[in-house]
Amino acid sequence: MTPYNDGEGKQQYKMQIKDKTFKTLDMICSRSNDRAVRIYTVKEVGNESDTLVLKDLWLDVDEESEQGIYDRMRTSVRGIFGKEGEDIVEQHVITPLISD
């Protein structure tokens, strides 16, 4: 995470996630209870047409990633309800695009 000034005196960040770089626009949420979480609106550097939501969180080493939870949920639903159930999950649950 690299801090930068947005030109309006507002501290923002650039974040590298795998092969993509995102710049923050605004912080939506910041919590530090059982999981340290910050949620930002962001734009991908070089492809700034879409505004995305980026969730930055810190897990203990023994905690399952959100991608892992999502994948397990989809697999479970598919096992009970088939492909139709999995499609419903994908329509109604925020889908992780990148997980690191």
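Predicted model: local features only at pLDDT ≥ 70, side-chain atom pairs only at ≥ 80, totals over all residues.
Begin by selecting residues 66-92, which form helix α1. The helix contains 27 residues, yet the C-alpha atoms at its ends are only 16 Å apart. A straight helix, at 1.5 Å a residue, would reach 39 Å.

Keep α1 displayed and colour its buried residues, which are G68, Y70, V77, G85, E86 and V89.

**The nonpolar core**

Next, select M15, I17, F22, Y40, V42 and L54 together. These six residues make up the largest nonpolar core. Strands β2 (11-17) and β4 (36-44) are the elements that each give two or more residues to this core.

Within that selection, centre the view on L54. Which residues does L54 contact, leaving aside its neighbours within four places in sequence? They are M15, I17, F22, R38, I39, Y40 and V42.

**The aromatic pair**

Now select Y13 and Y40. The structure holds one aromatic pair, and Y13 and Y40 form it in an edge-to-face arrangement. A pair of aromatic rings is described by the distance of the centres and the angle of the planes. Here the centres are 6.3 Å apart and the planes are at 65 degrees. Because Y13 lies in strand β2 and Y40 in strand β4, the pair ties together parts that are 27 residues apart in sequence.

Is each of the two residues buried or exposed? Y40 counts as buried because its relative accessibility is 2%, under the cut-off of 20%. Y13, with a relative accessible area of 22%, is partly exposed.

**A charge over a ring**

Select K14 and Y4 next. The charged end of K14 sits over the ring of Y4, at 5.4 Å from the centre of that ring.

Apart from residues up to four places away in sequence, E44 touches K20, T21 and F22.

**The segment after the helix**

Move to I98, in the segment after α1. I98 counts as partly exposed because its relative accessibility is 28%. Setting aside neighbours within four places in sequence, its contacts are I17, K18, K20 and F22. Of these, I17 and F22 also belong to the largest nonpolar core. For a distance check, select the C-alpha atoms of I98 and Y13: they are separated by 18 Å, and the two residues are 85 residues apart along the chain.

**Two loop residues**

Select K18, one of the contacts of I98. K18 is found in the loop between β2 and β3 (20-32). What is the phi of K18? It is near 55 degrees, a positive value in a residue other than glycine. Most residues other than glycine have a negative phi. With 54% relative accessibility, K18 counts as exposed.

Finish at E8, in the loop between β1 (2-5) and β2. E8 is exposed, because its relative accessibility is 71% and the cut-off is over 50%.

Technical notes
Residues numbered from 1 in each chain as written. Heavy atoms only, no water. Helix = DSSP H or I, 4+ residues; strand = E, 2+ residues; numbered from the N terminus. Expected span 1.5 Å × (residues − 1). Buried < 20%, exposed > 50% of the residue type's maximum accessible area, 1.4 Å probe, protein only. Core = buried A, V, L, I, M, F, W, Y, C linked by side-chain atoms within 4.5 Å. Contact = heavy atoms within 4.5 Å. Phe/Tyr/Trp six-rings, centres within 6.5 Å; stacked < 30°, edge-to-face > 60°. Lys NZ or Arg CZ within 6 Å of the ring centre and 35° of its normal.
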